[in-house]
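Reader: I have a new model open on my screen, and I would like to understand the words used to describe it. Could you take me through them?

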Amino acid sequence: MDFQAFLITLREALEAILIVGLILSYLTRLNADRYKKWVFVGVFLALITSFLAALLFQVVFTGFASFGSELYLKVGIMFASVFLLSHMILWMKKESKGKNTEMQKKLDAVLSTGSISAMIIHSYLIVVREGVETVFFFAAISGGDVTKVFQSYGALAGLLMALVLGYLFFSGTMRFSLKTFFNVTGILIMFIAAGLLVQGIGVMQDMGKMGSLYTNAEGKPEPVYDIVAFMPEHYQDELHFERDTGKETMISGQVGLFMSAMFGYSHDPSLEQVLAYWLYFILVGIWMKLINSGKIRPSKKKKETASSSDPIAEQKL
């Protein structure tokens, strides 16, 4: 969970930091420094909102747990997170080329009217979107208990890394390809999404709410394979294996736990889990290929802005 929290926080926080940094840089270029304090006001309000969203979610989850319905909420969060994570990756792939210039046009409109409230709202919406998404993803990887993630080192490390990378980028101390960065993290997040999909299906089958095409004599899902002796997906499975067989597993269950959380590994998956896992990558891969080939493009307005020669935009993308 720590690495998942690190990756999600790093990606979401860095995106917010870069966009806010671009706004501040653009205001500096326009000699409109007087508006910068209102950008920070919007960021502060967004952080407060994100914290309240996390608090509200925890209260709701506790309420579900008191009625014994938390499993349904967990499954719903998992499946919703698969969709949101996939949408985030594909949307950035498709729309990011014109993102910076479109943002500049919005800022021009705000500055031309001299609207302080619009500046606050603009910066608020940018950060609150990333903050609320982060809370939701934290709920998915922690099984609904957001406090577990906030108590881990992963989220803090991801935030600090995002702040450092943002500073190095805008200070010019380090030049790196943000396009490559987002592509690499996008691939890793795809694995997280696929893993959540597999876990959600597994929970549904354990609850008896989803059947299987491949079952045992009792009508329960039969694993396609069982390689617990090689690497159990949880350290408790390792203890059970050692107790039942008197043998040690080849690879520790702690490693399996990381592989399960990060890549959706299971030592005894059902047929539906295997099919869903590979089908997810096939569908997302086809969609990304269509985006790269130009068959799926941003709207006409965004295509026009994609020709911008803004050096910041080029480095960001």
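Author: Gladly, starting with how to read annotations: UniProt positions are given in the numbering used here, feature names are shortened, and annotations may be inferred rather than shown by experiment. This is a predicted model, in which local features need pLDDT of at least 70 and side-chain atom pairs count only at pLDDT 80 or more, while totals for chains, interfaces and linings use all residues. Residues are numbered from 1 along each chain as its sequence is written, and side-chain values use heavy atoms, with hydrogens and water left out.

Reader: Which residues does UniProt list for "transmembrane region"?

Author: The unreviewed UniProt entry gives residues 6–27, 39–65, 71–90, 110–129, 149–170, 182–204 and 275–292 under that name.

Reader: What makes a stretch a helix or a strand here, and how many of each does the protein have?

Author: Helices (H or I, at least four residues) and strands (E, at least two) are DSSP runs, numbered from the N terminus. By that rule the protein has 13 helices and zero strands.

Reader: Why is α1 called roughly parallel to α7?

Author: The axes of α1 (residues 2–29) and α7 (residues 153–171) come within 7 Å and cross at roughly 30 degrees. Angles under 35 degrees count as roughly parallel, over 145 as roughly antiparallel, 65 to 115 as roughly perpendicular and the rest as oblique, so α1 is roughly parallel to α7. The axes are lines fitted to C-alpha atoms, for helices over the stretch in contact, and angles run from 0 to 180 degrees between N-to-C directions.

Reader: What kinds of residue make up the contact of α1 with α7?

Author: By class, there are 18 nonpolar, six polar and one charged residues. Ala, Val, Leu, Ile, Met, Phe, Trp, Tyr, Cys and Pro count as nonpolar, Asp, Glu, Lys and Arg as charged, and the others, Gly among them, as polar.

Reader: How do you know that glutamine 4 counts as buried?

Author: Buried means under 20% relative accessible area, exposed over 50%, and partly exposed in between (1.4 Å probe, protein chains only). Glutamine 4, in helix α1, has 4% relative accessibility, so it counts as buried. Its C-alpha atom is separated by 9.7 Å from that of glycine 158, 154 residues apart along the chain. Phenylalanine 182, found in helix α8 (residues 178–206), is at 8% and therefore also counts as buried. Of the 317 residues of the protein, 45% count as buried.

Reader: What makes glutamine 254 partly exposed?

Author: Glutamine 254, in helix α10 (residues 253–263), has 47% relative accessibility, so it falls between the two cut-offs and counts as partly exposed.

Reader: Why is the pairing of arginine 129 and glutamate 130 called a salt bridge?

Author: A salt bridge is a side-chain nitrogen of Lys or Arg within 4 Å of a carboxyl oxygen of Asp or Glu. The arginine 129 and glutamate 130 side chains meet at 2.3 Å, N to O, so they qualify. Arginine 129 is partly exposed at 35%, whereas glutamate 130 is buried at 2%. The whole structure has two salt bridges. Arginine 243 and aspartate 244 also meet in one, at 3.2 Å, N to O, and both of these residues are exposed.
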